[in-house]
Amino acid sequence: MTDFFQVKKPLYPLFSLFASLLIFIGSLLMAKSYWGGLFLALQFILLVFFGYGRPCFFILPFTSLYSGLFSLIFYFASGRDFSFAAQMAVRFAGVSLACIPCLALPPVALVRNLTALGCPRLVTLGMLITLSFIPVLTSEIRQVRGTMKTRGATSFWRPTVFYRAFLIPLVVRLVNISDTLTLSLETRAFVCDEVKPKVYKSVKITLKDVIFLLLLLAVFALSLFFAFFEVRR
């Protein structure tokens, strides 16, 4: 959900959520077959082809590092069982790849999509604030840490320093932000009456979205089919 993972032309919001869910489920179902790794590779290529190349290649080194590290741990923990370690690698890689469509999804587009489909206004507003607050929280933590270093509080893990120099200033800043949000809603006369809300810029399904969904389902179905028969043998 951060700005770095944003793409120029994201997919239809619900299709993005469905893609993340399908990749995650597929990695778990096909982990015992070599088709699990092939399934993830095909999904990776599919995402790159449809404009998600930047987040895919950015997360690739991290995925390789932590998947390899944890797979190595499971390899020794399982008595040097390479097959089990490979299955865990597929599962860990699937989790990382499944995060990409959601990370690249603009919160505003998702909220507009859900609003147009009749989702309750309180739910969409809460979702928008929550998703938009993640980068704000990261920025606030970075500023508080910078203030600590400026004042010479370098021992971050000491309980007294953590509480007085980090936790309390962070909580105060977050409370101020929440007060500002509350005043903004009141200033704009926000109400939750049973009135159909208007969407300023509707999110529509394009031909690109349909093609992506069909290819996504085709790769999932074929990979699951071959993986099932391989396991049965």
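**Reading helix contacts and a bent helix**

User: In this predicted model, which residues of H1 meet which residues of H3?

Analyst: Ser16, Leu17, Ala19, Ser20, Ile23, Phe24, Ser27 and Leu28 of H1 meet Val90, Arg91, Gly94, Val95, Leu97, Ala98, Pro101 and Cys102 of H3. By kind, the residues of this contact divide into eleven nonpolar, four polar and one charged. As a general idea, an α-helix has 3.6 residues a turn, so residues three or four places apart point the same way.

User: How are the axes of H1 and H3 arranged relative to each other?

Analyst: The axes of H1 (residues 13-29) and H3 (residues 82-103) come within 8 Å and cross at roughly 175 degrees. Angles over 145 degrees count as roughly antiparallel, and H1 and H3 are therefore roughly antiparallel to each other.

User: What separates the end C-alpha atoms of H2 from the reach of a straight helix?

Analyst: Helix H2 (residues 34-77) has 44 residues, yet its end C-alpha atoms are only 22 Å apart, whereas a straight helix would reach 64 Å. H2 bends by about 135 degrees at Tyr52, with Pro55 following within four residues.

Technical notes:
Residues numbered from 1 in each chain as written. Predicted model: local features only at pLDDT ≥ 70, side-chain atom pairs only at ≥ 80, totals over all residues. Heavy atoms only, no water. Helix = DSSP H or I, 4+ residues; strand = E, 2+ residues; numbered from the N terminus. Expected span 1.5 Å × (residues − 1). Bend = angle between axes of the 7 residues up to and from the residue. Axes fitted to C-alpha atoms, helices over the stretch in contact; angles between N-to-C directions. Parallel < 35°, antiparallel > 145°, perpendicular 65-115°, else oblique. Contact = heavy atoms within 4.5 Å. Nonpolar A, V, L, I, M, F, W, Y, C, P; charged D, E, K, R; others polar.
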